[in-house]
Amino acid sequence: EININIEKTTYEYRCKFVPIEIIILIDNILNNTSKHHVKHVDIFWLKSDNNIELHIENDGDKIVDEILHRIFDYRFSTTGGGGIGLYYVKEIITRMNGLISVRNKKGKGVEFIITFKK
């Protein structure tokens, strides 16, 4: 079981999207966390003058630094899967004029950051 904490926000951002793709995006990110000993996920928004960011942080295994830049590549997998899930996540976000990045957190865990220009 994974404990998911979603922080409420009052930020407003409008964009066009396909609802099923948002479900696929979240499902793929959370499904990958379940494969890497995650017990807790925090989901929250941050806003700056020019951007709004969705952060999805977990407390699971870090991603090996040597492959961190490849996890959104087509057919890349470390779990024996098809390597399409995170690639498709990036494609969805790109179609929404956003960017996705990932970084290892200090200590333990990984953070996905989805950025949209205001």
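Contact here means heavy atoms within 4.5 Å. Helices (H or I, at least four residues) and strands (E, at least two) are DSSP runs, numbered from the N terminus. This is a predicted model, in which local features need pLDDT of at least 70, side-chain atom pairs count only at pLDDT 80 or more, and totals for chains, interfaces and linings use all residues. Residues are numbered from 1 along each chain as its sequence is written, and side-chain values use heavy atoms, with hydrogens and water left out.

**Stop 1: the buried residues of H2**

Select helix H2, residues 85–95. Which of its residues are buried? Leu86, Val89, Ile92 and Ile93 are. Buried means under 20% relative accessible area, exposed over 50%, and partly exposed in between (1.4 Å probe, protein chains only). These residues cover an arc of only 110° around the axis, so they sit on the same side of H2. The arc is that of the directions from the helix axis to the C-beta atoms. Now show what covers them: the cover includes H1, strand E4 (98–104) and E5. Then step past the helix to Asn97, which follows H2 and has a positive phi, near 60°.

**Stop 2**

Two packed helices are described by the angle between their axes and the distance between the axes. Axes are lines fitted to C-alpha atoms, for helices over the stretch in contact; angles run from 0 to 180 degrees between N-to-C directions.

Show side chains next. From H1, pick Glu21, Ile24, Leu25, Asn28, Ile29 and Asn32. They meet Gly85, Leu86, Tyr88, Val89, Ile92, Ile93 and Arg95 in H2. The residues of this contact divide into 8 nonpolar, 3 polar and 2 charged. Ala, Val, Leu, Ile, Met, Phe, Trp, Tyr, Cys and Pro count as nonpolar, Asp, Glu, Lys and Arg as charged, and the others, Gly among them, as polar.

**Stop 3: aromatic pairs**

How many aromatic pairs does the structure hold? It holds 3. Rings of Phe, Tyr and Trp (its six-membered ring) pair if their centres lie within 6.5 Å; planes under 30 degrees apart count as stacked, over 60 as edge-to-face and the rest as tilted.

Select Phe72 and Phe112. Their ring centres are 6.4 Å apart and their planes stand at 80°, so the pair is edge-to-face. Phe72 is in the loop between strand E3 (51–58) and H2, Phe112 in strand E5 (residues 110–117), 40 residues apart. Both Phe72 and Phe112 are buried.

Finish on Tyr74 and Tyr87. Here the centres are 5.1 Å apart and the planes at 65°, so this pair is edge-to-face. Tyr74 is exposed, with a relative accessible area of 51%. Tyr87 is partly exposed, at 29%.
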